[in-house]
Each structure stands twice: as structure tokens, then as C-alpha cells.
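User: I have a structure to get to know. Please take me through it one question at a time.

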Amino acid sequence: MLKFTLRRLATGVLLLFTVCALAYLMLYAGSSSIAAGILGMNATKADIARFNHDHGLDKNFFESFIGWASHAITGDFGAAWTFPDPVSETIGTRLGVTLTLVVVSLTIVAIVSLALGVLGAVKGGWADRVVQVLGLAGFALPNFLVAFGLVIVFAVINPWFNAVGWVPPEKDFGEFIKSATLPIAAISFVGLASLTQQIRGAVKDTLQGDFVRTLRTSGLSYNRVVFKHVLRNAAGPALSVLGLQFIGMLGGIVIIEQIFAIPGLGSLSVAATSARDIPTVMGVVATMALIVIVVNFVIDILSAALNPKVRLS
């Protein structure tokens with residue numbers, strides 16, 4: 001298990017370095033037009049040369065990237081070009097908003113999918129058909145369309161929740177619920193489809209295993225067999241899908257934050273990209289990549305703990 005953990009950890013570090021290097025290379029490749037875009041059409045060649053020198057754009061790629069990486073590894077992403085606060089502070093204030101949305105959504109998806117997936121697999125009949133219909137609806141409807149529908153129904157026609165904006169829970173918990181409910185519902189709806197179907201399929205396949213019949217003939221109750229033995233065997237694939245759902249939610253959060261005007265990492269990435277703010281864009285990329293790698297690492301460790309075959313593979 002220790003070798004498996006160290007191998008996954010080394011892979012994660014290498015992947016983080018690769019993602020940051022490729023992102024920096026793509027941004028660096030277009031750096032010749034960044035100064036002109038920021039300074040405007042009236043900027044002279046001297047103004048552009050001064051801007052490039054002040055922001056390190058006149059250095060070669062390797063020197064520039066190593067300089068950025070040596071500071072980034074300590075959590076210092078440098079000064080933003082278009083925002084008043086340093087990049088690390090800006091990301092720190094917005095990271096909590098994005099993680100709140102994603103973690104709460106992922107928790108809801110995990111709990112509801114587990115209940116629906118087990119219900120459909122164990123009960124069968126109408127319950128299974130309802131679960132499959134809900135799954136198809138989740139696959140067919142993109143989260144931005146769900147978001148618009150929720151806003152129209154629950155914020156415009158029936159003004160029960162806030163259509164836009166964000167209120168931190170420590171400031172006013174009631175207003176936080178009103179501002180967070182619709183975006184969380186939009187993020188969760190699509191995630192329910194794939195995870196519910198995965199759990200349903202895994203539980204149904206596991207129930208057909210020979211060890212289930214052996215446990216039943218030994219006198220164990222059906223509920224104990226399902227919740228103690230079947231779910232453990234079905235948890236591995238479900239955890240993998242849950243990890244993919246987390247990554248998908250981080251990607252989809254960009255659209256959701258734009259629709260609901262939420263000040264998170266998604267909206268920050270859009271604003272920084274539009275403003276050609278390389279330090280902020282790189283800070284967001286590195287932060288997102290680190291979160292994804294950490295989540296995948298945790299999922300791999302949990303999967304290995306549940307299934308020794310994962311460690312062997």
C-alpha cells in the first residue's frame with residue numbers, strides 16, 4: 001500500500017508540473033500581443049517594450065517559467081496585472097465560494113445517487129424504471145439549461161430564491177441558502193444521472209455474484225448482505241465516477257458562476273482570460289489542477305483500500 005501511495009503521489013506531482021508548463025507555454029506563445037491588448041491601440045513600441053520588460057515578457061520561456069514556478073511552489077503567484085490584490089489573495093477569497101458549491105453539490109449527488117441506485121437495483125419494477133428515466137433526463141439536459149429553468153421557475157415566477165449574487169454563510173445563513181440553492185441544484189442535477197446509473201448497474205451485477213447466494217444460504221438477512229457486502233464491492237466503480245463528477249463540476253462551475261453572477265474561481269478565470277492577465281490565469285490553472293489531482297489521489301487511495309486488485313494493477 002505504501003508503494004502504491006508513493007507512486008500515485010509522484011504521478012500527481014509530475015502531472016501538476018506538466019499541466020502548469022503546458023498552460024504557461026500556451027500563454028507565453030501569445031505574449032507578443034498581450035502588451036498591445038492591455039495598453040490599447042495608442043501604445044507606442046516603447047510603451048510595449050517597457051511593459052514586456054516590467055512583466056518579464058522579454059525573457060525566454062524557460063527562464064520565465066522557472067521564475068514563476070519557483071514562487072508558485074510557495075503559494076506566491078505574483079501580482080495581478082488587472083486586479084488590485086495579489087493573485088494568491090484573489091484566489092483565496094474566491095476559492096471558498098467555488099469549493100462550497102462543488103463540495104455541497106457532490107455530497108448531495110453522492111447521497112441521492114446511492115439511495116436511488118440501490119433502490120432501483122434492489123426493488124426493480126417501477127422504481128428501477130423511474131431511476132432510469134431520471135438518469136436519461138440528467139444526461140439529456142445540460143447544466144446551463146437546467147440553471148435557466150430553475151431561475152425562471154424559482155426566482156422569477158416564484159421569487160423564493162435569489163436569481164443572482166452570493167451571500168457568505170457566516171454573514172447571513174438564510175440569505176446564503178437563498179443564493180446557493182439554485183446553483184447547487186443546477187450543478188447536482190446532471191451529476192445525479194451518471195452516478196445513479198453507475199451505482200444501480202454495479203449493485204445489480206454484484207447481486208448476481210455467487211458469494212451473495214452463499215451469504216444468503218448461510219443465514220444472513222438480505223438487507224445485511226446488500227448494505228454490508230454488496231455495497232462494498234460496488235463502491236470501487238462508484239468512487240471512480242464520483243471523482244470524475246468532481247472534475248466535471250469544476251469545469252461546469254465556470255458557466256454556473258457566470259449565470260448566477262457568483263464571485264468564484266470560474267468567473268475569475270473568465271475575467272482574467274478576457275483581460276489577458278497571465279499571473280491570474282496561471283494561478284487559477286495551478287489551483288484547479290492541484291484540486292483535481294488531490295481529489296483523484298484520495299479516490300485512488302480509497303479504491304485501493306476497498307479493492308486490493310487496484311493496488312496490483
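User: How many helices and strands are there in the protein chain?
Analyst: This is a predicted model. Read along the sequence, the chain follows the pattern α-α-α-α-α-α-α-α-α-α-α-α-α. The count is 13 helices and zero strands.

User: What does the C-alpha trace of the protein chain span along its principal axes?
Analyst: The chain has 313 residues, and buried ones make up 39% of them. Along the principal axes, its C-alpha trace spans about 85 × 55 × 35 Å.

User: What share of the contacts with a separation of 6 or more comes from residues 24 or more positions apart?
Analyst: Take the contacts in the protein chain with a separation of 6 or more. Then pick out those between residues 24 or more positions apart. Their share is 74%.

User: How far apart are the end C-alpha atoms of helix H6, and what span should its residues give?
Analyst: Helix H6 covers residues 125-140, which is 16 residues. At 1.5 Å a residue, they should span 22 Å. The value in the model agrees, because the end C-alpha atoms are 23 Å apart.

User: Where on H6 do its buried residues fall?
Analyst: The buried residues of H6 are Ala127, Asp128, Val131, Gly135 and Gly138. Seen down the helix axis, they fall within an arc of 95°. They therefore line one face of the helix.

User: Which helices do the buried residues of H6 pack against?
Analyst: Start with the face turned away from the buried side: it carries the exposed residues Trp126, Arg129, Val133, Leu136 and Ala140. The buried residues of H6 have packing partners. These are helix H5 (87-123) and helix H8 (173-207).

User: How are the axes of H5 and H11 arranged, and what is that arrangement called?
Analyst: Two packed helices are described by the angle between their axes and the distance between the axes. The axes of H5 and helix H11 (residues 265-274) come within 8 Å and cross at roughly 135°. That makes H5 oblique to H11.

User: Which classes of residue make the contact of H5 with H11?
Analyst: H5 brings Thr90, Ile91, Arg94, Leu95 and Thr98 to the contact. H11 brings Leu265, Gly266, Ser267 and Leu268. By class, that gives four nonpolar, four polar and one charged residues.

User: Is Gln245 buried or exposed?
Analyst: Gln245 sits in helix H10 (residues 222-259). Leaving out residues up to four places away in sequence, Gln245 touches Leu106, Gly191 and Ser194. Its relative accessibility is 14%, and the cut-off for burial is under 20%. So Gln245 counts as buried.

User: What is the phi of Ala261?
Analyst: Ala261 lies in the loop between H10 and H11. With 45% relative accessibility, Ala261 counts as partly exposed. Its phi is positive, in a residue other than glycine, with a value near 50°.

User: What is the phi of Arg276?
Analyst: Arg276 is in the loop between H11 and helix H12 (278-306). At 38% relative accessibility, Arg276 counts as partly exposed. Arg276 is a residue other than glycine with a positive phi, near 60°.

User: What distance separates the C-alpha atoms of Phe173 and Val151?
Analyst: Phe173 belongs to helix H8. Phe173 is exposed, with a relative accessible area of 53%. Phe173 and Val151 are 22 residues apart along the chain. Their C-alpha atoms are separated by 20 Å.

Definitions and conventions. Residues numbered from 1 in each chain as written. Predicted model: local features only at pLDDT ≥ 70, side-chain atom pairs only at ≥ 80, totals over all residues. Heavy atoms only, no water. Helix = DSSP H or I, 4+ residues; strand = E, 2+ residues; numbered from the N terminus. Buried < 20%, exposed > 50% of the residue type's maximum accessible area, 1.4 Å probe, protein only. Contact = heavy atoms within 4.5 Å. Expected span 1.5 Å × (residues − 1). Arc of directions from axis to C-beta. Axes fitted to C-alpha atoms, helices over the stretch in contact; angles between N-to-C directions. Parallel < 35°, antiparallel > 145°, perpendicular 65-115°, else oblique. Nonpolar A, V, L, I, M, F, W, Y, C, P; charged D, E, K, R; others polar.
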